[in-house]
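User: I would like to learn how to read a protein model feature by feature. Could you walk me through this one?

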Amino acid sequence: MPPRRRGSSGFRGVRVRPRGRFYAEIRAGGFRLTLGTYNTPELAARAYDAAAWRFRRPWRDMNFPDVESLEEAEFLTPAPSLVDAEDRRRHRQVQRRIAIAEHDKQLMRQWRAQFPNDVFNTNAFFADLRAQRRFNRRHRRDVAEFELENPNTTWTENDSRWDDIWTETTSDDE
């Protein structure tokens, strides 16, 4: 697989703003976290690396792989250029979200290690739920087909249960 393309700034997680400043962000768990705006691409890349360390990303995802610890990455990362109170508020909010996401990942790892049967039971529960839904769809379809063939049906023309005739019920349904 080819290496991931880096933006116009030359660093992963760093974008150039129209006024020549550099914006750092990181994606984690389906969310995009803003890390701040910086005067140079190197400073923004350092901020990205500190966040990547906090999320325990592999070294290949770092802009500066020579940094050997989270403490060193955070030491080398400057504070973002905060212009007003709104920027400060957003920065504090991002830092809280990063800490919460990091803590959640750690707790999930501990929970999976401590309760492997719960993980298995959860997967089995959702498999049973999918099978029950599939069964219910098939049953509704069979009832609708029976009513279609029955000349003495009590269903009206506009009854929404007729739609069940066209319900797909494959084994891949979830």
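User: Is Arg56 buried or exposed?

Analyst: Start with the scale: a residue is buried under 20% relative accessible area, exposed over 50%, and partly exposed in between, using a 1.4 Å probe and protein chains only. Arg56 has a relative accessible area of 57%, so it is exposed. Before we go on, this is a predicted model, where local features need pLDDT of at least 70 and side-chain atom pairs count only at pLDDT 80 or more, while totals for chains, interfaces and linings use all residues. Residues are numbered from 1 along each chain as its sequence is written, and side-chain values use heavy atoms, with hydrogens and water left out.

User: Where is Arg56 found, and what is its phi?

Analyst: Helices (H or I, at least four residues) and strands (E, at least two) are DSSP runs, numbered from the N terminus. Arg56 sits in the loop between helix H1 (41-54) and helix H2 (70-76). Its phi is near 55 degrees, a positive value in a residue other than glycine.

User: How many helices and strands does the chain have?

Analyst: There are 4 helices and 3 strands, and along the sequence they follow the pattern β-β-β-α-α-α-α. Of the 174 residues in the chain, 28% are buried.

User: Which way do S2 and S3 run, and how many bridges join them?

Analyst: Two strands pair if DSSP finds at least two bridges between them. Strand S2 (residues 22-28) and strand S3 (residues 31-38) run antiparallel, joined by 7 bridges. Ile26 has Leu33 in S3 as its bridge partner, and Arg27 stands opposite Arg32 in S3. The two strands form a hairpin with 2 residues between them, and Gly29 in the turn has a positive phi of about 60 degrees.

User: What about S1 and S2?

Analyst: Strand S1 (residues 14-16) pairs with S2 in the antiparallel sense over 3 bridges, with Val16 opposite Phe22 in S2. This hairpin has 5 residues between its strands, and Gly20 in the turn has a positive phi of about 90 degrees. As for S2, 6 of its 7 residues are buried, so S2 is largely enclosed by the rest of the structure.

User: Which residues are linked in a network of salt bridges?

Analyst: A salt bridge is a side-chain nitrogen of Lys or Arg within 4 Å of a carboxyl oxygen of Asp or Glu. The whole structure has 6 of them, and Arg15, Glu25, Arg27 and Arg32 are linked in a network. Glu25 meets Arg15 at 3.1 Å, N to O. Arg15 lies in strand S1 and Glu25 in strand S2, so this pair ties together parts that are 10 residues apart in sequence. Glu25 also meets Arg32 at 3.7 Å and Arg27 at 4.0 Å. Glu25 is buried at 6% relative accessible area, whereas Arg15 is partly exposed at 41%.

User: Which residues make the nonpolar surface patch?

Analyst: Patches are made of residues with over 30% relative accessible area and no salt bridge; like charges are joined within 9 Å, and nonpolar side chains (Val, Leu, Ile, Met, Phe, Trp, Tyr) within 5 Å. Areas come from the Shrake-Rupley method with a 1.4 Å probe, and for residues only the protein chains shown count as cover. Met108, Trp111 and Phe115 make a nonpolar patch of about 260 Å². Trp111 lies in helix H3.
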